[in-house]
Amino acid sequence: MNKIIKQTLLPLMFVLLMGSCNEDAEYYTLETPPDQMHLAPSSENVKLQRVDETQEAISFSWKDAADRGNNTKLTYYFRLYHGEMKSVDGELLESELIKIDEGVRSISMTVRELNNIIYSWGVTPGDEVTVVAEVLAVVESSPKYMKPEISKAEFNVVGYSPSDILYLTIETGGLKRNIEMTKTDAGIFKWKGNLDVGNFWFVRSSEQGVPAYMKGSGENTLVYSETGEGNPFNTTRYGEYDITVNLNNLEITITTFFINTLHIVTSKDGVENVVKLYEYEVGTDIYHLEKRFEAGTKFRFVREAETLWPAYVKGADDTKLEFKDESAATMFEITQTNLYKMVINLNDLTINKQVVAPADNLYLITSLNGIESVKQLDKVQAGRNVFYGKVKLDAGTEFRFVTSQNSKWPAYVKGADNTELVYRGEGSEMFKANTTATYVMTVNMEDMSMIFLDVYESSTGVVAVVGGVVSSGWDSGIAVRDCSLTQKDLINRPEVISYTGTFTYTQGGTNDNNAFKFVGNGSWGASLFATESYANPFDPTKQSVTTDSSGDRKWMLPEGTASGTYTLEMNLHTMQIDLVKQ
């Protein structure tokens, strides 16, 4: 308040009581002098707004009180009290009594000061209350007590909640949410987090949404809006936003770190799957996808795998994207089972989707010490976009895939791990062989996946089962001819070879009558053995395969094994066998 000294006095009633104890009429007068001060407020109706809390809300002025005679001195006091209620639970609804400086005939209050007074009386923010202002001219330095001259004036006030809270209101995809910001200093608030395409502004009340702070004339200015009307701030790209709001000078600082990430959410028969996509070139916010979709599959795109809505969905047509909430969204839909190629551009919110014919060829490009080599892979099955290869790679060799022998980039390279393919430009991370070994690779261009495993390779290129339980007996030449293990499922299990045939158990026979091992040629070369003598092939703990020939260890069918057709598998990656009756 201007030009005042605040001082808490003894209650005026106490002074009056002290005066009433004096029974000598010569020493007091109880006549109340008429009001000659005519207290006047600067406004009869005041609406307080937080944005103006340091500004003057109201002022009061008055004239001199009546002269009370020789040897008297007048001191002026000012206070406010509730115009409709005197007290609540014994608490007087009035402000402190303020002593006015000598020679001063006015007083003013800021928005914050007046609001704090009526809020302390329990007045609900937004409700109007009648307030009485009162100035008292108290006679001092008088030989007898005189009642003070009093002047009153009423005015109406509407206040606000003084709680210093600010909310960030975010509107994305038709959804609106409020996040409480962190207060770092008086009138200064901060928030940091990820925002997608949408709008934002600031409010004091998360329930009412008003008053609000909207975008001002510039990108770094705010404007106060009592009704919540005005222009919001816009976010045009997904990223991490660091926002600092200074309500003292209505300024805002926004620091943005754009995050380029995208996931496709597919939905079919009530089941949703989320798959991460990759930029065609780093930093472009353009994503490439090749995938086989079944008819009836619906899909949309999201920035975060954990946040499935709002999402980028179908816009005006199948080439346009819009960011919407689930309730207002129309997802894209696949009408024909096929292999599709999609390019999703989030800069202009477009999508290019087209059917891709199965590739006729796929080439492996290896790179080591600056030297690149090209090898054509084999197509596994006509009409399928799946390719297979077996190669020996040195440790540190990087590799990628292309569909044209004359093209090196862009290429199909490493996605999240060594099982995922993504189509990206030059400089992208390639696949890598960590150890020197022979590898099998099945590249599935239909679901952009790859099986890439180091495997055992026989020096002769042959693994055949030989023994008393199979048709070859212990003749290694016949075993190579009739009982060789071959690959049966290059698409799903390229590391597994198998033989299916009759396995015979001889009751009462010798151990070797019921035993078997593996050979690589008719001269017993490149043989493979069990890790212990006469191991049980049905026991998972006894199924390991070794090249160690010491002891000529074999597997042996346990007593009581039923003769019949069996499939014997060998996993060339784990070097384990499995024998299963058909």
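Student: Before I count rings, what makes two of them pair?
Tutor: Rings of Phe, Tyr and Trp pair if their centres lie within 6.5 Å, with the six-membered ring used for Trp. Keep in mind that this is a predicted model.

Student: OK. How many aromatic pairs in the whole structure?
Tutor: The search finds 27.

Student: Take Tyr-280 and Tyr-423. What's the geometry?
Tutor: That pair is tilted. The centres are 6.0 Å apart, and the planes make an angle of 40 degrees.

Student: Where do the two sit in the chain?
Tutor: Tyr-280 is in the loop between β25 (271–279) and β26 (286–293). Tyr-423 belongs to strand β39, residues 421–424. They are 143 residues apart, so the pair links distant parts of the chain.

Student: Is Tyr-423 buried or exposed, and why?
Tutor: Buried, because its relative accessibility is 17% and the cut-off for buried is under 20%.

Student: And Tyr-280, what's its relative accessible area?
Tutor: 28%, so Tyr-280 counts as partly exposed.

Student: Next pair: Phe-399 and Phe-401. Stacked or edge-to-face?
Tutor: Edge-to-face, with 80 degrees between the planes. The centre-to-centre distance is 5.8 Å.

Student: Are those two buried or exposed?
Tutor: Phe-399 and Phe-401 are both buried.

Student: Which lysine lies over the face of Tyr-566?
Tutor: Lys-581, at 5.9 Å from the ring centre. Elsewhere, the charged end of Lys-276 sits over the ring of Tyr-278, 5.5 Å from the centre.

Student: Switching topic. How many helices and strands?
Tutor: The protein chain has three helices and 51 strands.

Student: Spread out or compact?
Tutor: More spread out than a compact globule, because the radius of gyration is 44 Å, well over the 25 Å that the globule rule gives for 582 residues.

Student: What box do the C-alpha atoms fill?
Tutor: Roughly 145 × 55 × 45 Å, along the principal axes.

Student: What share of the residues is buried?
Tutor: Buried residues are 43% of the 582 in the chain.

Student: Last one. Among contacts between residues at least 6 apart in sequence, what share joins residues at least 24 apart?
Tutor: That share is 61%.

Definitions and conventions
Residues numbered from 1 in each chain as written. Predicted model: local features only at pLDDT ≥ 70, side-chain atom pairs only at ≥ 80, totals over all residues. Heavy atoms only, no water. Phe/Tyr/Trp six-rings, centres within 6.5 Å; stacked < 30°, edge-to-face > 60°. Helix = DSSP H or I, 4+ residues; strand = E, 2+ residues; numbered from the N terminus. Buried < 20%, exposed > 50% of the residue type's maximum accessible area, 1.4 Å probe, protein only. Lys NZ or Arg CZ within 6 Å of the ring centre and 35° of its normal. Rg over C-alpha atoms; globule rule 2.2 N^0.38 Å. Contact = heavy atoms within 4.5 Å.
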